[in-house]
Amino acid sequence: MDTLQLLFNAVTVIFIAVTMLVAGLGTTLPALGAVLTDLPLLLLALLANLVVIPLLGWGVAALFGLPTAAFVALVLVASSPGGPFGAKLGMVQKGDVVAGTVMQALLAAVGSLTFGPTSSGILTTAKVGGEISLDVAALIRTVAILQLVPLAVGLVVRHYAPSTARSWHPVALTVSNVTFVIVLVGMLTGSWHDIVALVGSRTLLAGFVLSVAAFAVGTLLATGPSARRTTMGGVTAVRNVGPPLAAIGIAFSGERAVLGALAAVLISGLVVVLPIAAVLGRGRGDDAA
């Protein structure tokens, strides 16, 4: 069992690092600069992802009266912006793919630094599980190393060796997708009884509500044409699983109940946003972005 846990942890680290490498390899510095200089879009996206959604996750968890493990999982997810699948949703809905990709990478980088203080602050204020204590410094250090370093490497390679970046990108993307599936399966199988117990429970419903609300908030708190606004909605709705996994490993010793609740929240969220993106895509032409 210890060997399996070590293997799961190793695959999780690979998934987090490679996913951020993919974001860097797919982002040019001019595109990053264009988003950074679009102050209304940038400030609204930061407001939505770093303030509104974490508070919304707290509110939804409290509204549904979730048990401790599910409450923690929902807050961790809500506090972690920049999920890599958010950029893919931009492609599915034929939205503003460039803006979506750049914003996802930016939010993941910023979120790696804000995740610890945000999630810890909410859980402490909500007084969920008196024994829970997040080592914010260790969490920031771990997540920043796993995310910011690969992102920086990808950006540098893309800028100074674009042909190399283009050749690396599909391979890294495949590794990211495969390891994501392995991590998700590991979470499901390792917490199967907990997830079965959650079926039909308020946890799945809370995950649905959070995802729909996040998509709406991200769309409303954005600027530009409809394609860009709904792309920001998709980016906002998909949260970054890397920091929550790191937090569970550091603060909760990989507690099975929290992992099960996290997997349930993630799956319910994807079930919501994928159909929304698909419907939007069918209503747009191939050149909509």
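Q: Hi! What should I know about the model before we start?
A: It is a predicted model, in which local features need pLDDT of at least 70 and side-chain atom pairs count only at pLDDT 80 or more, while totals for chains, interfaces and linings use all residues. Residues are numbered from 1 along each chain as its sequence is written, and side-chain values use heavy atoms, with hydrogens and water left out.

Q: Thanks! How many helices and strands are there in the protein?
A: There are 13 helices and 0 strands. Helices (H or I, at least four residues) and strands (E, at least two) are DSSP runs, numbered from the N terminus.

Q: And what percentage of the residues is buried?
A: Of the 289 residues, 51% are buried. Buried means under 20% relative accessible area, exposed over 50%, and partly exposed in between (1.4 Å probe, protein chains only).

Q: What about contacts between residues at least 6 apart in sequence: what share joins residues at least 24 apart?
A: That share is 84%. Contact here means heavy atoms within 4.5 Å.

Q: Let's go inside. Which residues touch the most other members of the largest nonpolar core?
A: Those are Leu66, Phe71, Leu74 and Leu262, in a core of 46 residues. A nonpolar core is a set of buried Ala, Val, Leu, Ile, Met, Phe, Trp, Tyr and Cys residues joined through side-chain atoms within 4.5 Å.

Q: Which elements give it two or more residues?
A: They are α1 (2-25), α3 (39-63), α4 (68-78), α6 (97-126), α10 (202-220), α12 (242-251) and α13 (256-282). The largest share, 10 residues, comes from α4.

Q: What else is there besides that core?
A: There is a second, separate core of 21 residues, which includes Ala31, Ala109, Leu155 and Val235.

Q: Back to Leu74: what is it in contact with?
A: Leaving aside neighbours within four places in sequence, Leu74 is in contact with Gly57, Val60, Ala61, Leu66, Ala206, Gly207, Leu210 and Val265.

Q: Now α4 and α13: at what angle do they pack?
A: The angle is about 55°, with the axes 8 Å apart. Axes are lines fitted to C-alpha atoms, for helices over the stretch in contact, and angles run from 0 to 180 degrees between N-to-C directions. The two helices are therefore oblique to each other: angles under 35 degrees count as roughly parallel, over 145 as roughly antiparallel, 65 to 115 as roughly perpendicular and the rest as oblique.

Q: Who makes that contact?
A: From α4 come Ala69, Ala70, Val72, Ala73, Leu74 and Val77, and from α13 come Ala257, Val258, Ala261, Leu262, Val265 and Leu266. By class, these are 12 nonpolar, no polar and no charged residues. Ala, Val, Leu, Ile, Met, Phe, Trp, Tyr, Cys and Pro count as nonpolar, Asp, Glu, Lys and Arg as charged, and the others, Gly among them, as polar.

Q: How about α4 and α10: at what angle do they pack?
A: They pack at about 15°, with axes 11 Å apart, and that makes α4 roughly parallel to α10. Ala70, Leu74 and Ala78 of α4 meet Thr203, Ala206, Gly207 and Leu210 of α10. This contact has 5 nonpolar, 2 polar and no charged residues.

Q: New topic: is Ala99 buried or exposed?
A: Ala99 is buried, with a relative accessible area of 4%. Ala99 lies in α6 and touches Arg228 and Met232, not counting residues up to four places away in sequence.

Q: Last one: where does Gly33 lie?
A: Gly33 is in helix α2 (residues 29-37), and counts as partly exposed at 25% relative accessibility.
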